[in-house]
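Dear colleague,

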Amino acid sequence: MNYYIVIPAHNEEAFIALTLDSLISQTVLPKKVVIVNDNSTDKTAEIVTAYAKENPFISLVNKTSSAIHLPGSKVIQAFHKGFETLDEEYDVIVKLDADLILPNNYFETILNIFEKDATIGMAGGFAYIEKNGEWILENLTDKDHIRGAFKAYKKACFQQIGNLKPAMGWDTVDELLSKFYGWKVVTDASLIVKHLKPTGANYNKTARYKQGEAFYTLGYGFLITSIASAKLAMMKKKPLLFLDYIKGFWKAKAAKTPLLVTAEQAKFIRKYRLKKMKEKIF
């Protein structure tokens, strides 16, 4: 099995060498790694160029975009730019962040997961962050969700869900659509990924409303949005975020923001989400 990796990177000079070191140390090496230098003003491009000289499977693509950090759209537009440079000779496509340290057996394990079961469409490990000198689980999501920082897709699944959506919520809608089409999403707790920059570190007020908008565009409806917003605000230990999320939902609804899914997919998503919520309560 061949796997290709696309890494969007914006001002990641502090971390990207660590990420690339962990990639060139993999027990099964990637066939291609494309780093998309998205408007960086630091030494990101120079660092990547140095690695590309030593490792022919690494390449650099430069992209210009606005400096404003908007979760979802900016990073996936960069992913698309990198993906466009690749051929079709991959079995697995990976979207990776530029601030990770992966265990050496990460991709060997992921490929084994895919090989064992033809119905598995997505696979990933777990994100850990450093607190007081210890690496602890970055507890922002359920155990059956793969973090947006390290997404691996089987080719057929990736094509069926229609690539990644350039909007906040892309890393939830990909899994929901995978399930809609009958694919399994698998996580492996033995794969500990060190996440060097905690999620949401750069988000501003606009971005906070974006979360509520994302719930709307996923077709959640108000009830599921309220429950999901309360849960996320509590997980982040910032209860007032709940109000931002709800405000974002109503703003998106009032603006008639287009959904990321069809009416049929939205119906499936609501049914699936409610089922999962009931399972947790009972």
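Which residue in β8 does Met122 stand opposite? Met122 stands opposite Tyr153. This is a predicted model, in which local features need pLDDT of at least 70 and side-chain atom pairs count only at pLDDT 80 or more, while totals for chains, interfaces and linings use all residues. Residues are numbered from 1 along each chain as its sequence is written, and side-chain values use heavy atoms, with hydrogens and water left out.

Helices (H or I, at least four residues) and strands (E, at least two) are DSSP runs, numbered from the N terminus. Two strands pair if DSSP finds at least two bridges between them. Strand β6 spans residues 120-131, and ten of its twelve residues are buried, so the rest of the structure largely encloses it. Buried means under 20% relative accessible area, with exposed over 50% and partly exposed in between (1.4 Å probe, protein chains only).

Strand β9 (residues 184-195) runs parallel to β6 and is joined to it by seven bridges; Val193 of β9 is the bridge partner of Ala127. Strand β8 (residues 150-154) is antiparallel to β6, with two bridges between them. Strand β7 (residues 134-137) is also antiparallel to β6, through four bridges, and Glu134 in β7 is the bridge partner of Lys131. β6 and β7 form a hairpin with two residues between them, and Asn132 in the turn has a positive phi of about 50°.

Helix α3

Eight of the eleven residues of helix α3 (residues 73-83) are buried, among them Ile76, Phe79, His80 and Phe83. The buried residues of α3 pack against elements including β1 (3-9), β4 (92-96) and α6 (170-180).

The nonpolar core

A nonpolar core is a set of buried Ala, Val, Leu, Ile, Met, Phe, Trp, Tyr and Cys residues joined through side-chain atoms within 4.5 Å. The largest has 74 residues, and those with the most contacts inside it are Ile93, Leu96 and Phe107. Leaving aside neighbours within four places in sequence, Phe107 is in contact (heavy atoms within 4.5 Å) with residues including Tyr3, Leu23, Val94 and Leu96.
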